[in-house]
Amino acid sequence: MRFLTAGESHGPKLTVILEGMPSNMKLTSDMINEELFKRQGGYGRGRRMQIEKDTVEITSGVRHGVTLGSPITLVITNDDHKHWLKVMGVDPKDDTEPVKRVITKPRPGHADLVGGMKYRHRDLRNVLERSSARETAARVAVGAVCKVLLKQLDINIFSRVVEIGGARDQHDYDINDIKLNNDKNDVRCINDDVAQNMRDVIDQAKSNGDSIGGEVQVIVENVPAGLGSYVHYDRKLDGKIAQSVISINAFKAVSFGAGYEMKHLPGSSVQDPIGYDNTGYYRLSNQLGGFEGGMTNGMPLVINAVMKPIPTLYQPLDSVDINTKEPYKASIERSDSCAVPAASIVCEHAVAFEVTQEILEEFQSNDLAQLQDNLARHKEYIKGF
């Protein structure tokens, strides 16, 4: 399974082609739109979320609400594009007409300057339009399709916010608590008291013209043992997930299970003891986050990821104009003071794609029923191993 996205932040639309989904799976635009709506929410989002109401149009690969096995094309129209027709037009412009909204002052922490160097753009808008986090809407759409398939395999995936700007939820919840309460408030924090502390931190950053980051957690439940492989570095599933998570805009760190706490712990407290009963093998703990040797071990996958503060600031940092080489304050684009709640949704869907891709690679899956049957056989084998 693979996908390709195309489109610019203020262009007419985002387009995704997703190839490799099995046939005969129920899929509608409403199933995808539900996830896109979650991405647009969250305390601290900027004005664009009031302008764009992301909805998807399925233009291929589905007939009468059922997948065909052929490539699925998803289109998300950018409602705001109508205000950017002269700035983002595709057709050649009149040489006498000045280019609108040229950007020559790169933002520290963004792709602006290095992207301009690499692709030789003197107008840095050519960089920021594609490097924008707007592209994550397309990735959420892909992940939404994957979540539909995972649900058919009794695999559940969900996420929550653990920390925003130092306001951290320290409580050790069980999986059901997280699954049932992760969407109970606008910062996606289980603890309401900590949630208010998070809002206060966001408000303070906003009043300072600043931005704030945080940590999110993704959990995948009921994953079969044996996904991934130890035989080559690039076949380890935790490695694939780590790469995918870090590729999300502004994500800078990823860990599994106990994560960074492992540096404080002895080996006897980190490894997960093995047990066996009439359901098969299990672990007495899950410090390793469901992975051993790059493979799933049957325990829930626990992925922790850190998002840096968004680099677009309303009190911009020092920069240099690439034309004059004179010092300036960086350019200001419309931005969020905090996007951590939304980022947890993006991270969830990025992980959903990687897990789905691994399942489709492991088991023959031209048709949904065929996949379900092959997965069931695998589980029976693992149980009796």
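## Exercises on a predicted model: helices, cores and cysteines

The axes of α8 and α10 come within 9 Å of each other and cross at roughly 145°. Axes here are lines fitted to C-alpha atoms, for helices over the stretch in contact, with angles running from 0 to 180 degrees between N-to-C directions. Helices (H or I, at least four residues) and strands (E, at least two) are DSSP runs numbered from the N terminus. This is a predicted model, in which local features need pLDDT of at least 70 and side-chain atom pairs count only at pLDDT 80 or more, while totals for chains, interfaces and linings use all residues. Residues are numbered from 1 along each chain as its sequence is written, and side-chain values use heavy atoms, with hydrogens and water left out.

**Exercise 1. Describe how α8 meets α10, and what covers α8.**

Step 1. Start with the handedness: α8 passes α10 in a right-handed crossing. A crossing is right-handed if the near helix is turned clockwise from the far one by less than a right angle, and left-handed if anticlockwise.

Step 2. Find the residues in contact (heavy atoms within 4.5 Å). On α8 they are Leu237, Lys240, Ile241, Ser244 and Val245, and on α10 they are Cys347, Ala350, Val351, Glu354, Val355, Glu358 and Glu361.

Step 3. List the buried residues of α8: Leu237, Lys240, Ile241, Ala242, Ser244 and Val245. Buried means under 20% relative accessible area, exposed over 50%, and partly exposed in between (1.4 Å probe, protein chains only). Their cover includes α5, β10 (251-256), β15 (301-307) and α10.

**Exercise 2. Work out how α5 is oriented relative to α10.**

Step 1. The axes of α5 (residues 136-152) and α10 (residues 340-362) come within 8 Å and cross at roughly 50°.

Step 2. That angle makes α5 oblique to α10. The scheme is this: under 35 degrees is roughly parallel, over 145 roughly antiparallel, 65 to 115 roughly perpendicular, and the rest oblique.

Step 3. The crossing of α5 over α10 is left-handed. Among the residues making the contact are Val140, Gly143 and Cys146 of α5, together with His349, Phe353 and Thr356 of α10.

**Exercise 3. Which residues have the most contacts inside the largest nonpolar core?**

Step 1. Recall the term: a nonpolar core is a set of buried Ala, Val, Leu, Ile, Met, Phe, Trp, Tyr and Cys residues joined through side-chain atoms within 4.5 Å.

Step 2. The largest one has 75 residues, and Ile241 and Ile303 have the most contacts inside it.

Step 3. Look around Ile303: leaving aside neighbours within four places in sequence, its contacts include Val216, Ile241, Val245, Phe256 and Val351. Apart from this core lies another, of five residues, among them Phe158 and Ile178.

**Exercise 4. How many disulfides does the structure hold?**

Step 1. A disulfide is a pair of cysteine sulfur atoms within 2.5 Å. The structure holds zero.

Step 2. Check Cys338: its sulfur is 12 Å from the closest cysteine sulfur, in Cys189, so the two are too far apart for a bond. Cys347 is in no disulfide either, as the nearest cysteine sulfur, that of Cys146, is 14 Å away.

Step 3. Cys338 is buried, at a relative accessible area of 0%, and Cys347 is buried, also at 0%.

**Exercise 5. Is Gly228 buried or exposed?**

Step 1. Locate Gly228 in the loop between β9 (214-221) and α8 (237-246).

Step 2. With 10% relative accessibility, Gly228 counts as buried.

Step 3. Not counting residues up to four places away in sequence, Gly228 touches Arg235, Leu237, Gly294, Met295 and Glu358.
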